[in-house]
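Here are some friendly notes to read alongside the structure. Keep the view open and look for each item as you go.

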Amino acid sequence: MQNKLTPRFLLIGLVLVWGIWSLWPTIKLQNLSDDEKNTLRIEGKLEEIETKAIKQGLDLKGGMYIVLEVDLPTLIENIAINKDGKLSSIFDKIRADISISPEADFFDLFSEHVEKNQLKLSRYYYDYGSSSDDILSSLNDEAEDAINRVLEILQNRIDQFGVAEPTIQKQGSQRIIVELAGVQNSERARSLLESTALLEFYLVKDVTTTNELMIKIDQILKKDKSVASVAKELKSQEIESDDASSEQAVSVSELFGGVESTTDEADSAIVDEDIFAERPFSSLLRSLGNSIGVPEKNTFAIKKLIEKPEVQERLASVGSNFLFGHKAEDYVLTDGSVERMYALYLLDDQAELTGGVVEEAKANLGPQGTTSAGQPIVNLSMNSDGARKWAIMTGSNVGRQVAIVLDKKVHMAPNIREKISGGGTLIEGFANIDEAKDIAIVLRAGALPAPVEIIEERVIGPSLGAESVKSGTLSVLIGLVIVLVFMIFYYRTAGTIADFALVWNIVLVLAILASLQATLTLPGIAGLILTVGMSIDANVIIFERIREELDKGKTAKAAIDGGYNRALTTIIDANMTTLIAALVLWQFGTGPIRGFATVLFWGILISMFTAIFVTRTIFNAFVNRKGFSKLSI
Amino acid sequence: MRLLKNPNFDFMSKKLFALTISGLIGLAGIVSLIFHGGPKLSIDFKGGTFVAVQFTEDINVEEVRSKMGDVNIDGQAFDFSREEVKHFGNQTAVSVRVPHIESSPSNLAQKIAVHLYNAFSNKVPENMIDFILSKGMVGPKIGSELSGKAIMAIFSALGLILLYISIRFEFKFALGAIAALSHDVLITLGMFSLLSYEISLPIIAAFLTIVGYSLNDTIVIFDRIRENLKSSKRDSYTDIVNKSINQSLSRTIITSLTTFVVVFILWFFGGEVINTFAFAMIVGVIVGTYSSIYIASPLVIFLHENAKK
């Protein structure tokens, strides 16, 4: 018998050694101080330890999880040549369809609509093939290529941002999952990911054109009945706001006063529906000397008004477009009051130059002696093609304003003082140096081939994560101790053996997690607790059976053999069903759920192994010992 | 030490009484579910926005709610005062959940957090990063996909388990097991609805674990029935079932008790995030143990006697 047991002990010993060896990096990492971590990081050894240690999920460590979706309709619409109303109406319909049934596949919808409207795809996409099927399949390839490029660019941005263990992966055909563990400032990371990084340079329309257009828009909107309701809505908001801003609403007319009769003091005190009704657009705006200001509370209304098709049509007829400044700022008005406003610019609708020409972008503080002294700025340098175009553009438009637009928001609109050759330029208007640095990062990494949208976001603050680790660990330990004590109390020696198996079980599950490079999440900890329950259950089933056998008057050895044999099918059948549930969870779950399923799956397998094989071996060793008389169970 | 020495309770004689209790609790849950128009789904499935923030002192939920009545985002006014606002873990933290809205401004979670930060500027930590405990947004697209996946997960798990038990035992045992676990899930769902707890993604995991646990418990008893059917052929079916339940009673009590203690501690100490997960498990352990004796076993007897006729 002794000979038969030796290989079993050898196997158990080997597994235990393997378990501790796998867990070693985790233990080591836990005990490192921050200083030691830093020295190891510099030596390049930390990464090796980290990859071998158990990863903590975002819910434990804090961090952010973001799912981005590439806007396929926009991507495909953008690469079309000879765009016309028919094509864009089809894309509008597809977008409407997608918003109703979000699960629909874009390309299915696209081909469906193309067929329904008998659209000749070769007219818009002749570069992509001749027959409709060819074009559709090439466009599909193009979309796939685009998402791969998006992935690469995001990877690049995140690398430069500097996060310890970023995970970026593609999911399906149009999604990217980004996990940033331990990231502190989720807002910075978010804007870094979301930014398309589309840099454009537009000429700003001159004041006369702007004035004329505003009057036209007022006239157009006056006829629009739905505007009256907007005015009413605003009216009710206006009551809450202070008088100063109401007075200012009228002073806008001073900017556009050349055409309209100058409003005198008496009038300016009254801002009521009459003025809204008369000038529904410009009465919501303020004069900022050379440019237009939109009070923060009016932004939504102005956006809605600009979006109106009749206004858009008017804007298109003079080849122009409105864009907002990228952030609200406090402006001191003529009467000394301060109001938070966005700047609004009327720009050419064709960009003079785009960000593709950017070769290098660096964040800096503005040099002394310039207007931007001490302010955060981004220095750009362009490639030769860009530099040439930039020189021609600035040279022929001296005196005009050029707007530097990033992701459809105007960062600054300086006056061109002289021709700029050499391709160097700078962007200002950042809240702080961090923002400038982030913008420089996205400009260097390049623009995304298609806009991306955040469709899911989960952020766990570092304090909540730490709290969860603390309470999770605490409850595991308390539960474990109670169970261990109970087992010894109830089953004596046998209970001690079961306890040994249980601890062994937990060590092995953690070792497997470490070697699988799986992530331990909060539900994972719950899974660990459940494993404790399963492991105890297997032992309880066996022990109760042994007791039954002993009650029948069998010897200890026979009782153990009988007990184990009869308990075996029970344990296997009972655990198999939970195993099935774990597998299904793993298959359908994502993130934390998958973490739970992984722990449960391995927990069950190992608890079966420990209960059937490990404790059995120990029992047999006990029974075979010389002087053994009675089984303590 | 022994809890019970050769127990011999006549469990099956009280099955009608037990079924009545089950029926009543189940009915209360069903009524609540119907009344609330189905289970209360979290933003994981519906889409929406979630923010949990930490104040520096105790905060009144009603005060937060009234401040949520007027959230102004770039001139667009929102009234969130009727959305869910409640304490998060303790009296100093609050969570806000807003379902998905059409024309929702981007980054709504952050904007709500900023609104609350400014509204209670004297009760907030200095740094915004310490203020936000957690936040999240689930787009409607993701939500409906997750619902589909969850339903798929539950049904494929049930199907596979049915198949396994049919192969290892008999089909009537499979039906008994499925009835028991449906009972457990229904009661837990009913409890969630009565307490107006939300069904979130981790809760689905908890439900599947309850399924696993309930089956585990049921199968241990079924295993005994299977064994006793072979050895004592002369006894009546009901007697065999009774005997099997009694024989496995010690194990049932010890395992249920230890598991209960473990999940109870998880519920008590586990922290806010895992709280409802652990609650589902507590309910699951109790009803899972009960249903093996009073749902699964009586159904197997019933099916057996029906088949004989």
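1. Let us start with confidence. pLDDT is the predictor's confidence in each residue, on a scale from 0 to 100. You are looking at a predicted model, and chain B averages a pLDDT of 88 in it. In chain B, 100% of the residues score at least 70. For the model, the scores are ipTM 0.87 and pTM 0.78.

2. Now find strand β1 of chain B, which covers residues 48-54. Are its residues buried or exposed? Of its 7 residues, 7 are buried. Both faces of β1(B) are covered: one side carries B:G48, B:F50, B:A52 and B:Q54, while B:T49, B:V51 and B:V53 sit on the other.

3. Next, look at the partners of β1(B). Strand β5 of chain B (residues 90-99) pairs with β1(B) in the antiparallel sense over 7 bridges; B:A52, for example, has B:S95 as its bridge partner. Strand β6 of chain B (residues 132-138) also runs antiparallel to β1(B), joined by 6 bridges. Here B:V53 stands opposite B:I132.

4. Follow β6(B) towards the other chain. Which strand of chain A is joined to β6(B)? The answer is β17 of chain A (residues 452-460), which runs antiparallel to β6(B) with 5 bridges between them. One pair to look for is A:E456 with its bridge partner B:V138.

5. The contact between the chains involves 59 residues of chain B and 62 residues of chain A. On the chain B side, α5, β6, α6, α8, α10 and α11 each supply at least two residues. The most come from α6(B), with 14 residues. By class, this side of chain B has 31 nonpolar, 19 polar and 9 charged residues.

6. What about the nonpolar residues inside? The largest nonpolar core has 254 residues. Those with the most contacts inside this core include A:Y345, A:L585 and B:A177. Helix α20 of chain A (residues 462-515) gives the most to this core, with 19 residues.

7. Finally, visit helix α9 of chain B (residues 237-247). Its buried residues include B:I240, B:V241 and B:I245, along with B:N242, B:S244 and B:Q247. The buried residues of α9(B) pack against α8, α10 and α11 of chain B.

Technical notes
Residues numbered from 1 in each chain as written. Chains lettered and ligands numbered in written order. Predicted model: local features only at pLDDT ≥ 70, side-chain atom pairs only at ≥ 80, totals over all residues. Buried ≥ 20, exposed ≤ 12 C-beta atoms within 10 Å, placed from the backbone. Helix = DSSP H or I, 4+ residues; strand = E, 2+ residues; numbered from the N terminus. Pairing = 2+ DSSP bridges. Core = buried A, V, L, I, M, F, W, Y, C linked by C-beta atoms within 7 Å. Contact = placed C-beta atoms within 7 Å. Nonpolar A, V, L, I, M, F, W, Y, C, P; charged D, E, K, R; others polar.
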